[in-house]
Amino acid sequence: MIIVGVPPGVLGILGELLPADSVVIIEDPELIRRRDLHRKLAKVPFVPRVVPAAYQRDALDVEGLLAAEPALATARLVMPGVEYTVTAAARLAERLGLPGAGVAAAQTFTDKHRLRRLAADHGLPNPAYALVRTPAEAEAFVRRVGGRCVLKPTRRAGSLGVQFLDDPDAVAAAWAATADPPGSDEEAEVPTEVMVEAALTGSEHSVELLVADGEVIFGNVTDKRVLPGRHPVETGHTVPSGLPEAEYRALLDVAGRLARAAGFRTGVLHSEWILADGVPTLVECAARLPGDLIAALVTVAYEASFMAAYLRVLLGERPALPARAVAAAAVEFLIAPPGTVTAVEGVRPAHRVSGVLDLHVDVAVGDRVAEVVSSRQRSGHVLVWGADPTEAADAAQRAAGLVRFEVA
């Protein structure tokens with residue numbers, strides 16, 4: 001099995017599913033060095049090797065990689081570990097004759113402007129949008145639309161660089177944080193453009209599809225909660241959605257239409273939508289595992305391992321998952337105020353809230369916390385089981401509300 005890019009947050013889950021020495025990870029040489037990955041991954045039983053290969057700028061040299069590492073040609077599965085390896089993984093899978101997204105679909109789902117054009121060409125609901133090259137072009141769009149707009153990079157993940165703008169005069173000051181957002185090492189070499197869109201108003205949801213050779217074999221709708229204000233970072237998710245049946249089905253249907261329009265072949269498709277005046281309108285879409293513990297929520301709510309099913313799909317199988325959730329699960333993220341952490345309180349009472357399965361605090365006394373402008377800057381999470389979506393979401397928010405951060 002090959003994983004392109006170190007997948008964040010799922011190594012533990014993979015460790016429960018995979019035998020020893022079963023995975024080769026392909027990672028960018030500079031990231032291997034900066035993160036000391038050879039040493040760190042030596043402690044992971046199922047990863048015997050980390051192979052260096054540049055994949056930024058969609059530049060994975062597949063033939064060169066296989067010439068240097070001929071044993072990789074015997075792999076049975078190729079999986080993208082992070083957003084920025086989706087196209088590289090698709091290229092490698094295609095070369096090896098293995099199931100994957102398909103190169104064209106991967107390129108579409110890693111570029112928000114390409115995605116908008118695809119949706120427009122196939123009659124899928126889109127907000128007004130424009131690719132802009134200067135602050136002046138973005139300002140002109142905001143003035144023309146005459147309402148709230150969103151400035152976003154075309155090739156970033158985790159809400160990085162995404163900003164709401166209510167005033168055209170604010171564009172110039174906001175431009176740099178979107179055109180060149182401060183990110184991680186893996187993003188530094190990924191070129192991005194800037195798009196501006198009319199903001200949508202309505203409830204927010206994601207749809208998680210498992211697709212096998214072009215056929216949707218499983219679908220779930222997730223309810224999303226986001227921060228108010230300028231930076232729409234997710235603060236929580238609930239699986240399954242508590243929407244009425246008609247709206248739930250409409251989201252599954254439109255996500256399936258998007259998959260078919262892109263010619264997506266095999267894997268996970270995680271799309272995000274806003275119900276604007278009752279119409280599911282596209283926000284964005286990723287051809288990889290969803291982040292924010294959504295895969296774990298699906299596993300809990302459906303009592304079936306979403307990760308195991310994903311791996312089986314990439315092996316060319318068609319696993320049977322429940323058509324409906326048998327319970328519910330929710331995650332609420334902890335948001336510390338900006339400053340230096342002087343105390344973290346309420347963790348034990350939060351653990352005692354009925355249904356709490358996991359509670360993790362990512363900051364400690366002495367840590368400096370910045371304003372949350374991307375999902376990586378949240379301060380922890382609470383994951384909860386519930387008998388239904390309302391019970392799960394209420395318990396997650398109640399437990400998260402007990403955790404208090406004192407900052408100076």
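Predicted model: local features only at pLDDT ≥ 70, side-chain atom pairs only at ≥ 80, totals over all residues.
**Stop 1: the largest cavity**

By class, 13 of them are nonpolar, 3 are polar and none is charged. The lining has 16 residues. Select Pro80, Gly100, Ala101, Thr266 and Ala287, which lie nearest the centre of the cavity. The space inside comes to about 110 Å³. Next, colour the elements that give two or more residues to this lining: strand E4 (78-80), helix H5 (86-96), strand E12 (267-276) and helix H12. Helix H5 gives the largest share, 4 residues.

How many cavities of 30 Å³ or more are there? The count comes to 3.

**Stop 2: the second largest cavity**

Select Glu83, Tyr84, Thr110, Thr154, Arg155 and Arg156, which line the second largest cavity. About 40 Å³ of space lies there. Its lining has 1 nonpolar, 2 polar and 3 charged residues.

**Stop 3: a pocket**

Now turn to the second largest pocket, with a volume of about 200 Å³. Show Met1, Leu17, Leu18, Arg76, Leu77, Ala308, Leu311, Arg312 and Leu315, the residues that line this pocket. Of the lining, 7 residues are nonpolar, 2 are charged and none is polar. Which helix gives the largest share of this lining? Select residues 306-314: this is helix H12, and 3 of the lining residues come from it.

**Stop 4: the largest nonpolar core**

In soluble globular proteins, nonpolar side chains tend to be buried together. Here, the largest nonpolar core has 72 residues. Select Met79, Phe109, Leu210, Leu258 and Phe264, the members that touch the most other members. Helix H10 gives the largest share of this core, 9 residues. Apart from this core lies another, of 21 residues, including Leu31, Val78, Ala88 and Ala93.

Zoom in on Phe264. What does phenylalanine 264 touch, leaving out residues up to four places away in sequence? Its contacts are Ala101, Ala105, Phe109, Val211, Gly214, Ala259, Leu269 and Ala287.

**Stop 5: helix H10**

Select residues 245-262, which form helix H10.

Now show the buried residues of H10: Tyr248, Leu251, Leu252, Val254, Ala255, Gly256, Leu258, Ala259, Ala261 and Ala262. An α-helix has 3.6 residues a turn, so residues three or four places apart point the same way. Step just past the end of H10 to glycine 263, where phi is positive, about 70°.

**Stop 6**

Most residues other than glycine have a negative phi, and most peptide bonds are trans. The next selections go the other way.

- Valine 239 and proline 240: a cis peptide bond joins them, with omega about -5°. Proline 240 sits in the loop between strand E11 (234-239) and H10.
- Leucine 293: this residue is not a glycine, yet its phi is positive, about 65°. Look for leucine 293 in the loop between strand E13 (279-286) and helix H11 (294-302). Its relative accessibility is 28%, so leucine 293 counts as partly exposed.
- Glutamate 303: phi is near 50°, again positive in a residue other than glycine. Find glutamate 303 in the loop between H11 and H12.

Is glutamate 303 buried or exposed? Its relative accessible area is 62%, so glutamate 303 is exposed; the cut-off is over 50%.

Note on methods: Residues numbered from 1 in each chain as written. Heavy atoms only, no water. Expected span 1.5 Å × (residues − 1). Buried < 20%, exposed > 50% of the residue type's maximum accessible area, 1.4 Å probe, protein only. 1 Å grid on protein atoms, 1.4 Å probe; cavity = no way out; pocket = protein on both sides within 12 Å on 5 of 7 lines; lining within 4 Å. Points joined across faces, edges and corners; volume = space filled by probe spheres on them. Nonpolar A, V, L, I, M, F, W, Y, C, P; charged D, E, K, R; others polar. Core = buried A, V, L, I, M, F, W, Y, C linked by side-chain atoms within 4.5 Å. Contact = heavy atoms within 4.5 Å.
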